[in-house]
Structures are given as structure tokens and as C-alpha cells.
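Visitor: I have a model open beside its sequence, and I would like to learn how to read it. Could you walk me through some strands and helices?

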Amino acid sequence: MLAIEFEQAQKRVQELIPLIEHYRFCYYVLDNPEISDQEFDNLYNELIELETKFPELKTPASPTQKVGAAPSTEFKQVHHRHPLLSLANAMGTDDLDKWEERLAKALDANDVSKLGYVCELKIDGLSIALTYKDGELVEGATRGNGDVGEDVTLNLKTIKSLPKKLNALTLPDGSKKIPAEIDIRGEVYMSVQNFSEVNKQLEEEGEALFANPRNCASGSLRQKDPRKTAKRKLSIWTYNAYVHDEEIEQPKSHHATMSMLKELGFPVEPSFKLVHGMSEVKEFCQLWDEKRHHLDYQTDGIVIKLDDIKLWDWLGATSHSPRWAIAFKYPPEETETVLESIEFDVGRTGAVTPCAMLKPVKLAGTTVKRASLHNYDQIQRLDVRPGDTVVVRKAGEIIPEVLRVVLEKRPAQSEPVVYPETCPICDTPLVRGADEAAFKCPNIYGCKAQITRRLEHFVGKEAMNIDGVGEVLVKQLVESGLVEDAADFFKLDLDSLLTLERMGKKSAEKILQQTESAKNRPMANLFAALGIPHVGVNMAYDLAQYFPSVEKLASASASEIEKIEGVGPNISRSVSEFFKNPQTINLIAKLKEYGVSLEDKEDAKAALKVSDALAGKSFVITGTLKGMDRLKAETEIKQRGGKASSSVSKNTSYLVVGENPGSKLAKAESLNVKVLSEEEFVELLAAN
């Protein structure tokens, strides 16, 4: 009987090893995971259990004896002086108790109830090894297989929160010294806000979306062109250091190491805490089970480390993970529901996106009714069909996505999805570029869906900001024939508006007031409103600083546009080609005819700035401001020469705090960043 059980286990191990290696390669190297973290953990834990029961099945080639995946050949290889090990997982509080029991046994201690632990949020990002010499970053590498990673130094240097020059440490005798050499461990991640912005841009361009912030951060860090990495606005938290300097002693505790990192100028996630005993560890884990959903970065668990570093050396590590640390993993928030139908949305760039219409279900605190299926390839991979029972989760706890189909609950008469060959709106045959993920409708100026989406964008807050003209009214105006392109908003009159259903005289008059005032918006707003491919709000602002009129931008060559910092050849070419398009030329002529200003009246600097009083100052806004929206606040900052940023770092001058501030407040306080209330912020603007 035992022989039969061994043979079954051996067969299963032989199945699991190549399967796990494949999924690891997809996750670590291709940045394109094929299964969820939970499904991977289940397979990995199954292999551990079989190898534990039958030790003779464990080989050096087993994934349990290795870390991560082999490095990609795209970058130079780096051998780590200190291996980057993975962490063993605790899937519940019972596993924490078992870990404590193993610690007690290894330390030969009867009572470990008062052991010191440092609890840190487990950031869902990309592990990084950094080497600084005499305070300068000389090398940065990915984890790779734990011993060998990829050199991504230039890309890491684009991360604004990563110090370019280290601060000096204060030595016991009161003197100051920068370490001769120090190795740093950290986690590169992408904020929730930046992740949403990246995916929004990719969707508009018809490109494949990233599944979650972790994959987005990893893919961004591996760009061959550091300028592309810079645009993704990555961030980093650091969590360990190895000092190589005879005059500087290695800290004796982990919480002292964290303090040293902060003193050197490295960003450290502010929520870490020194606790004593496993009961306090569990309290910390429970506290963050709910609080983590309010952070601007993703965390899927808590890393728990013994605080006394002497014990690290005493306990050592397996070939895979240290014995002095463990990762407590929160269960993923997933639920089953029925996919009632699949609809196909057409965006303003013509990209056709399949959308799963779901039976409403509660997930991560919100009701989910629809989830993106991204593109044709995703539908094929999932084999998802109307009527299926599906497992839904929030990717990165942000975007609802269909994870898998519960095949045993599939209806008997189920039929595969037939992907449309023509546009669902205008019936134009769809096209798909060789390197594109999305099918597109090429009928740019005749497809009503594209026209409507472009018009919605034109009147939006970040563009011409025509208050009172929203999605519903734009649709009415298009269907009635009153508006065919963006210029038509400015020829509307009272009589034509009153022909619309449910339109009252007061509402119509207000809309006309708004369109009249929008005629004199700054060029930054107009450039953003025009929907130039690859040009978002910030890029539109930069263009307006150099080209304060439509005429100047339209006549500029691609090489002239590329001189602007942050503008690459793709953007410059896109802008240049946009203004040569006959449709654009016609639109600009109509805007001019209807009285829309096509230039900032003075030179660019004077038009866009009130003063230079805040030059060199960086602002971050958190929470909701009562007196102005965030876009207005950021514009006021820029008009005074300041910079508006989305993330707090040591270089942040001020954090402006509105109602219900997020985790940025805690981080600002940990970095001693000056905090302003909304009232103080308004006073600062008034004084400058």
C-alpha cells in the first residue's frame, strides 16, 4: 500500500515541478502570470507536503529549493553578495503558532512569549538589491533566482524617491560618516493611482492592460529605455541593509536597521512596528486586514521578522527562506457570480473592449456589476461564456476581473463567444495590428461611439471643463445631431438646447454660460481636450509652456517638440502628425470661427504662471478639498512655479491635507514633511 502511495506521490511531483517552473517563469520573467497567487501557492504547498512526506523525492532541481525564476537575458547579470531569499508563508494564525513552536525548539527556549518581532506590510512589488559606494548608487538589480539578478541600475535611477546621494550617519562619538559601501534591500512598487493612469492610457491606445500594480511595476522596471520607466512613476520602500565599513557597526536589531535606513535618506514604509510576543503579532495582522484597503499601494500580507539580528545568524536559513522571518498572507477576496452577458465597448481611440455583465455581487466592500475581459485573447484563455458561473476578484483590489470559470456549473447548452468581426456601433470591419492586443474600429470620424467618447473627453474637468455637460447630455447632443465635433459645443444656442428632452431654460442658460467661459481656457486645457494620442494632462501642460498657441504647436517639427523634457520620439511624432490631419485642421478652423481662443495672450511663462514664488517647491494633495477640486489646486501650484506630485517623498515640500486623508499623511509625518490644512494652503496661494 505504501509503495502505491509513493508511486502516486512520485508521479504527482513529476507533474508539479515543470508546472510550477512554468508559472514562475511567467510571473517573474514575462510579467504575465497565468494563474492567481492563491492557485500558485496551492500548487507550491502541495509540492512541499509531498516532499516532506517522501524526502527522497526532494531534489536540488525542485522549485522548493530555488528562489524566483532564472533571470531574463535582456539585461546584464548581477551576482548578489547577499542572497535574496523568499519567505515561507503563513496562510493563517495556526501557521504563525507553528512557526513560534519551531522558533522555541531551534532556540532551545521554554518561553518565547516575549520575543521581539518587527511587523511590516508586505508590499506587492518587485524585490530589488541596491549597492551604494561612498553614498552613490553604483548598482541595482532584480532578485532573479536569489543569487543572480538583472542589472536595472539606470531604470532604478528614475525613481524619484530613491536617494541619489546618501546622508551621513551619526557615529557614537558624534562624528558623521557616509558608509564606504552598503547593500540595500527594497521593494519597487507602483501606486494605485499611477497603476490606474497607466492602464487607462494603455486601454485608450488599444494595448494589453496590466493585471495588477505588481506586474505593472515589474514590466516598467524592465523597459530597455529608462525614459519609459520614468514615465511610469515607480516608487520604492527599503527594508534591510548590509554595511561594509570598518568604522560603522551593523545595527544589532531590525528596528534599528529601519531607523538607519531613514537616517541615510531611504524611503521606509511608515507602518512597521516593533511588537512583543505572537499575540501582538496577530493583533497587527488583524488591524491591517481592513486598513490595507485604504492605502495607495498594494499589500497582500504582513512580513514578520525577529528583531534581534543575532538570532538571524543563530537560526540561519534553508536554501529557500530564512528561518527568522515569515510572511503572513491574507486570503484573496474572491467570490462566485453569474456572467449574464458580454458587451463590447468602443473607446475614443476605436479599441473594442469586451465587458462581462455580472449578476451584482459584493466584493472588497463594493457592489460589482461588470468586469473588463480586456481583449479577445483573454476571452479565449478563460473560455468564458454567457451563463457561466465565474470567480471574480478585484485585480490589485482595484479593478474587477473574471479570474476563472467554474466549469462544473456550466449550463448544458453553453456556446463559445463569437467575437465580433465588425464594430458593434457602426458595423465597420475591425482591424488588429501585428503587435496590438485590441481589435479596433478604423472608422475614426464616422463611428458614433468614438465621436461621443472624444466629446465626453473634450468637456471633462481635466480638459475644457464645461460644467453641466456630462455623459448623458453629450449622448443627447450627438443623437439629436446638434453636436458632431468638439467645435459644435460653441455654436449651441438657447433654442436648440430647449429642443432636448427634459432640458429647462435655466439649465440651458447655465450650459451656454459655461461654454462661453470655456472659450478662453488656457492652451494647456485645449491641448489636453483635443485628444492628441499619447498626450495626457501633464504633457499638455508641458507643451503649452513651450508652445503658447495652437499655431506654434501645429507648425513645430517633431524634433522641436522632442526637445521638451520627458517627450520621446513616439509622442513628438504623434503630436506632429495629429496637427497635419485634415480633420484636425478643419476642427481648429471651426473653433476659431466660433470664438475659441487659440493662444495664450502673453508668452507661455506669463500665460501659465502667476509668479515664480513656489519655484522649487513640491506639493502632494491627499483627501478631499472643500473649496476646490484637486485639478484646480494643482493648477494653482503650477501657476506659481511649483510642482504637483502624486506621491510623498523626502523631496516633498508640503502635503496638503483635505477631508479623509489616506496613508500619505502617515508617510509625510514619518519623513518630517510640512503638513498644510486646506485653509493654510489657500493662505499660501493668496500670499504668492
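This is a predicted model: local features need pLDDT of at least 70, side-chain atom pairs count only at pLDDT 80 or more; totals for chains, interfaces and linings use all residues.

Visitor: What does it mean for strands to pair, and which strand does β2 pair with?

Guide: In general, strands of a sheet pair through backbone hydrogen bonds, either parallel or antiparallel. Here, two strands pair if DSSP finds at least two bridges between them. Strands (E, at least two residues) and helices (H or I, at least four) are DSSP runs, numbered from the N terminus. Strand β2 (residues 89-90) pairs with β13 in the parallel sense over two bridges. Strand β12 (residues 299-306) runs antiparallel to β13, and five bridges join them.

Visitor: Is β13 buried or exposed?

Guide: Buried means under 20% relative accessible area, exposed over 50%, and partly exposed in between (1.4 Å probe, protein chains only). Five of the five residues of β13 (residues 325-329) are buried, so the strand is largely enclosed by the rest of the structure. A325, A327 and K329 lie on one side and I326 and F328 on the other, and all are buried.

Visitor: How do I read a whole sheet, and in what order do the strands around β20 come?

Guide: Follow the order of pairing across the sheet. Four strands form an open, parallel sheet in the order β21-β20-β22-β23. β21 (643-645) and β23 (674-677) stand at the edges with a single partner strand each, so one side of each is left without a neighbour in the sheet. Neighbouring strands here are turned by 30° against each other on average, direction ignored. For such angles, axes are lines fitted to C-alpha atoms, for helices over the stretch in contact, and angles run from 0 to 180 degrees between N-to-C directions.

Visitor: What does β20 pair with, and over how many bridges?

Guide: Strand β20 (residues 618-622) is joined in parallel to β22 (residues 654-657) over four bridges and to β21 over three bridges. V620 stands opposite L655 in β22, F619 has Y654 of β22 as its bridge partner, and S618 has K643 of β21. Five of the five residues of β20 are buried, so this strand is largely enclosed by the rest of the structure. S618, V620 and T622 point one way from β20, while F619 and I621 point the other way. Helix α25 (residues 678-687) lies across β20, β22 and β23, at about 95° to β23.

Visitor: Where would I look for an antiparallel sheet?

Guide: Look at the open sheet of four strands in the order β5-β4-β9-β10, where the pairing is antiparallel. Its edge strands are β5 (136-142) and β10, each pairing on one side only. Strand β9 (residues 181-189) pairs with β10 over eight bridges, and V188 has I236 in β10 as its bridge partner. S235 is found in β10 (residues 235-243), and S235 is buried, with a relative accessible area of 4%. Leaving aside neighbours within four places in sequence, the contacts of S235 (heavy atoms within 4.5 Å) are with I159, S161, E187, V188, Y189 and S647.

Visitor: How do I find the buried side of a helix, and which residues of α15 are buried?

Guide: An α-helix has 3.6 residues a turn, so residues three or four places apart point the same way. In α15 (residues 505-518), the buried residues are A508, I511, T515 and A518. Seen down the axis of α15, they fall within an arc of 85°, so they line one face of the helix; the arc is that of the directions from the helix axis to the C-beta atoms. Those buried residues pack against α13 (471-480) and α14 (494-497). The face turned away carries the exposed residues K505, K506 and Q513.

Terms used. Residues are numbered from 1 along each chain as its sequence is written. Side-chain values use heavy atoms; hydrogens and water are left out.
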